Amino acid sequence: MESIDITKLSDEELVAKIVEKNDSHLFAVLYDRYASVVYNKCYGFSKNKEEAQDLTHDVFIRLFVKLRTFKNKSKFSTWLYSFTYNFCVNYVQRNKEKKKEKVTIVTDQIRENSDEDEIDDATLFELKSDKLAKALEIISAPEKMILLMKYQDDMTIKEISDVLSLGDSAVKMRLKRAKEKVIKAYNAL
């Protein structure tokens, strides 16, 4: 066994060693670092503890297989965040007929004001959470995902554009459209 302390390796160094050695014991260290973060993201999509645990397990199984596709173009945590969101969005889309996911957008604060949108954030936050959860079930998973990234996870436009590999203006446009759709769905309920 190596004499270096693997718990002190950066995420990127650890990923490189896991890929190099295909070592599940090293992967366990990565799992320990991120299991709760991944679980929380999965729980945001399922709102069911057992389902979130299953999704978390599935994310890490897929992650072990796909880890060699990480190319150090961003921080590992950003890449994992994107990986987890994409996995959950695909899961929701595959199971849309079978499942009814419930998600509540955090409404206690508006951290970033939208400058020129017709539908401002205040309008979104005034919606009743139970009715809002139903409206979120109606819109597409990618639209729901971008709203959750912005309002539940308090991500900036720049952070969202990094995760989704989009330009800032594309992120702003998708947020605007998603807000319009969720409010339209809300008002139709």
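**The second largest pocket**

A: The lining of the second largest pocket divides into three nonpolar, five polar and three charged residues. Here Ala, Val, Leu, Ile, Met, Phe, Trp, Tyr, Cys and Pro count as nonpolar, Asp, Glu, Lys and Arg as charged, and the others, Gly among them, as polar. This is a predicted model, where local features need pLDDT of at least 70, side-chain atom pairs count only at pLDDT 80 or more, and totals for chains, interfaces and linings use all residues. Residues are numbered from 1 along each chain as its sequence is written, and side-chain values use heavy atoms, without hydrogens and water.

A pocket is an open set of points on a 1 Å grid over the protein atoms alone, where a 1.4 Å probe fits, with protein on both sides within 12 Å along at least five of seven lines. Lining residues have an atom within 4 Å of a point. The volume of this second largest pocket is about 190 Å³; that is the space filled by probe spheres set on the points, which are joined across faces, edges and corners.

Now the lining. T69, F70, K71, K73, S74, T78, W79, S82, D162, V163 and S165 form it. Two elements give two or more residues: α4 and α8 (157–164). Helices are DSSP runs (H or I, at least four residues), numbered from the N terminus. The largest share, three residues, comes from α4. Domain 1 (8–103) and domain 2 (120–188) each supply at least three residues. Those bounds come from an automatic or database domain assignment.

Look at S165 again. This lining residue sits in the loop between α8 and α9 (168–188). Its phi is positive, about 55 degrees, although S165 is not a glycine. N72 is not a glycine either, yet has a positive phi of about 60 degrees. N72 is in the loop between α3 (49–66) and α4.
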